[in-house]
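I opened this notebook to record what I looked up in the model, entry by entry. The entries follow the order in which I worked.

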Amino acid sequence: MIDIENVSKIYPNGSEGIKDVTIHIEEGEFVFVIGSSGSGKSTLIKMIMKELNPTEGKIVINGIDTTNLERNKIPYLRRQLGIVFQDFRLLPKKTVYENIAFAMRVIEAHSRHIRRNVPTVLSLVGLQNKADAYPNQLSGGEQQRTALARAIVNNPPILIADEPTGNLDPDTAWDIMCLLEEINRRGTTVVVATHARDIVDLMRKRVVTLNKGRVIRDVENGGYFDEI
Amino acid sequence: MKFSSVKYYIHEGFTGLFKNSLMTVASIATVAACIFIVAVSCCLLANMRSMMTQIEKNIGISVFLEDKLSPESITMISEQMKRIPHVSSVTYISPDDALEELKKEWNADEVLSGFDNNNNPLSSSFEISIDNIEYQKDVISEIKQIDGVRNIRNAQNETDILLKLNKVISIVGFLSMLILAAISVVIITNTIKISVYTRKTEINIMKYVGATDWFIRWPFIVEGVLIGIIGALVPLIISWPLYDKCISLIYVHLPFIGNIAHFLSGYTIFSVLIPLCILAGILLGVIGSVTSIHKHLNV
């Protein structure tokens with residue numbers, strides 16, 4: 001589903017973001033990417049999203065080779081990916097419902113599908129009663145649920161979460177992780193870059209550990225690697 | 001492009017106007033101020049040009065004929081002169097007419113009382129007007145070649161001054177319009193840039209959820225067009241009655257101006273200015289929004 005092969009990223013200022021990283025993620029997997037700040041997690045996520053281009057190597061997402069992808073094809077690559085950020089990135093002037101419907105409008109979905117799908121994902125993330133609320137009327141957890149709902153409303157095969165619990169208290173963080181697991185159970189491939197040691201240890205999923213831009217550990221049913 | 005998307009663009013364009021009301025007002029005010037200045041300058045320039053042409057038309061050429069020409073040859077000369085390019089009218093003045101005119105002008109019947117139709121010292125003449133005084137010299141040299149023409153009189157000094165004035169007005173007018181237009185473009189694109197900048201998060205999110213560049217641009221273009229249209233219409237609607245009022249005030253308080261030349265009517269100016277300015281407003285809006293979004297699309 002996601003094939004990252006011998007990928008390196010050297011920034012224009014000469015600093016190395018990622019060095020010779022190879023990761024293969026199968027359809028339906030749940031993978032944690034962990035590592036300290038500056039280990040290259042965000043660089044990796046940005047390259048998967050094609051916000052950054054690798055200096056070397058190639059990345060294939062759901063059969064699409066992103067290496068030489070034309071600019072006007074990038075939106076169609078991103079439609080394969082649901083993306084969740086640490087800072088939620090909701091539109092403050094739109095309600096919860098509108099924020100989610102927005103993701104469907106953008107891909108020119110039919111209004112009928114919007115009216116059907118948005119309430120469905122809202123109840124999946126447990127926000128059916130908050131449809132008309134604005135983001136600033138929601139708690140952090142609720143905002144992240146909204147962001148999650150937006151990420152999955154178009155039913156993408158892959159969900160990428162970059163520090164999804166970074167701004168949340170431990171209980172709420174756990175709820176969000178459970179929600180991610182639930183989404184994974186429904187068949188979506190989930191990749192989570194995180195710092196949340198306790199959660200990684202508890203969930204016993206595949207854990208890829210990055211250090212200084214290299215993969216130093218890649219284990220099934222792993223925990224947080226103590227050496228980093 | 002799907003119909004539902006078109007509906008969405010228009011809807012978003014309008015909501016964009018209202019949700020960012022402060023920036024909208026700023027943008028519209030900027031466009032309106034620029035268009036107002038351009039409209040006022042246009043009114044001034046158009047009137048100066050039109051007055052110049054009116055004055056030019058009054059500067060005729062008098063062509064005096066040799067004495068004792070038969071009516072046939074006079075008609076022939078008249079026909080020949082009408083055929084010269086840029087001659088717009090040829091009026092025959094018989095010696096009798098000329099005498100009558102002179103008597104009226106001098107208001108001194110006594111001095112001229114000895115003269116009547118039988119001993120009239122004046123000769124037949126033609127009053128010629130031309131459509132553009134730049135060609136006066138060419139026309140005169142053509143007339144000189146016609147048989148039966150004794151003398152030609154024209155106001156050379158006035159013509160030269162008018163020609164120079166005309167040139168100065170054209171150059172100054174053209175330059176000032178150019179500078180005004182350039183300043184307007186810079187100010188308007190900057191205002192729209194700020195308006196787009198305040199919404200860069202929105203553009204960013206659209207990119208992440210897989211929106212194409214055009215899908216992001218269209219609502220901004222709709223918004224730009226709306227700002228352009230409103231920004232153009234407001235000053236035009238204000239300046240039309242203002243212009244008419246100014247003209248009638250000038251005619252009342254400075255009546256001598258009306259004797260020299262007439263102002264263009266509000267309708268004449270604004271029937272051209274309104275569509276032009278709306279077009280300019282739309283163009284400015286579109287160019288402003290497209291160039292300002294461009295930077296934010298590279299994510």
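**Entry 1: helix and sheet in chain B**

I began with helix α6 (residues 136-144) of chain B, which lies across β1 (61-65), β2, β3 and β4 of chain B and runs at about 165 degrees to β4(B). I note at the outset that this is a predicted model.

Four strands of chain B form an open sheet in the order β2-β3-β1-β4, and the pairing is antiparallel. The edge strands of chain B are β2 (87-93) and β4 (149-154), each of which pairs on one side only. From one strand to the next, the twist averages 20 degrees.

B:Ile93 has B:Ser125 in β3(B) as its bridge partner.

**Entry 2: an open sheet in chain A**

I turned to chain A and asked in which order the strands of its open sheet lie. Four strands form this sheet in the order β2-β1-β4-β5 (chain A), with antiparallel pairing. I recorded β2 and β5 (64-65) of chain A as the edge strands, each pairing on one side only.

Strand β1 (residues 2-10) of chain A is joined to β2(A) by six bridges, and the two run antiparallel. Within this pairing, the bridge partner of A:Lys9 in β2(A) is A:Ile18. I also inspected the hairpin of β1(A) and β2(A): five residues lie between the strands, and A:Gly14 takes a positive phi near 95 degrees.

I followed β1(A) to its pairing with strand β4 (residues 56-61) of chain A, where five bridges join the two strands and the direction is again antiparallel. Here A:Ile4 stands opposite A:Ile59 in β4(A).

**Entry 3: salt bridges**

I looked up the salt bridges over all chains and found a count of 14. One that I examined in chain A joins the side chains of A:Arg206 and A:Glu29 (3.0 Å, N to O). A:Arg206 lies in strand β9 (residues 206-211) of chain A, and A:Glu29 lies in the loop between β2 (16-25) and β3 (30-34) of chain A, so the pair ties together parts that are 177 residues apart in sequence.

**Entry 4: where chains A and B meet**

I next asked how many residues of each chain are in contact with the other. The contact involves 21 residues of chain A and 20 residues of chain B. Between them, the two chains bury about 2,100 Å², 55% of it on carbon and sulfur atoms. A:Arg71, A:Arg78 and A:Glu108 supply 29% of the area that chain A buries against chain B, more than any other three residues.

I counted two salt bridges between chain A and chain B. In a salt bridge that I looked up, the side chains of A:Arg71 and B:Asp213 meet (2.4 Å, N to O). Five residue pairs are in polar contact between chain A and chain B, both residues being at pLDDT 80 or more.

Finally, I asked which elements of chain A supply the side that touches chain B. α2 (74-78), β6 (81-85) and α3 (96-106) of chain A each supply at least two residues of that side. α3(A) gives the largest share, four residues. By class, I recorded 11 nonpolar, no polar and 10 charged residues on the side of chain A that touches chain B.

Methods
Residues numbered from 1 in each chain as written. Chains lettered and ligands numbered in written order. Predicted model: local features only at pLDDT ≥ 70, side-chain atom pairs only at ≥ 80, totals over all residues. Heavy atoms only, no water. Contact = heavy atoms within 4.5 Å. Buried area = accessible area lost by both parts, 1.4 Å probe. Salt bridge = Lys/Arg side-chain N within 4 Å of Asp/Glu carboxyl O. Polar contact = N/O pair within 3.5 Å; in protein donor to acceptor, adjacent residues only side chain to side chain. Nonpolar A, V, L, I, M, F, W, Y, C, P; charged D, E, K, R; others polar. Pairing = 2+ DSSP bridges. Axes fitted to C-alpha atoms, helices over the stretch in contact; angles between N-to-C directions.
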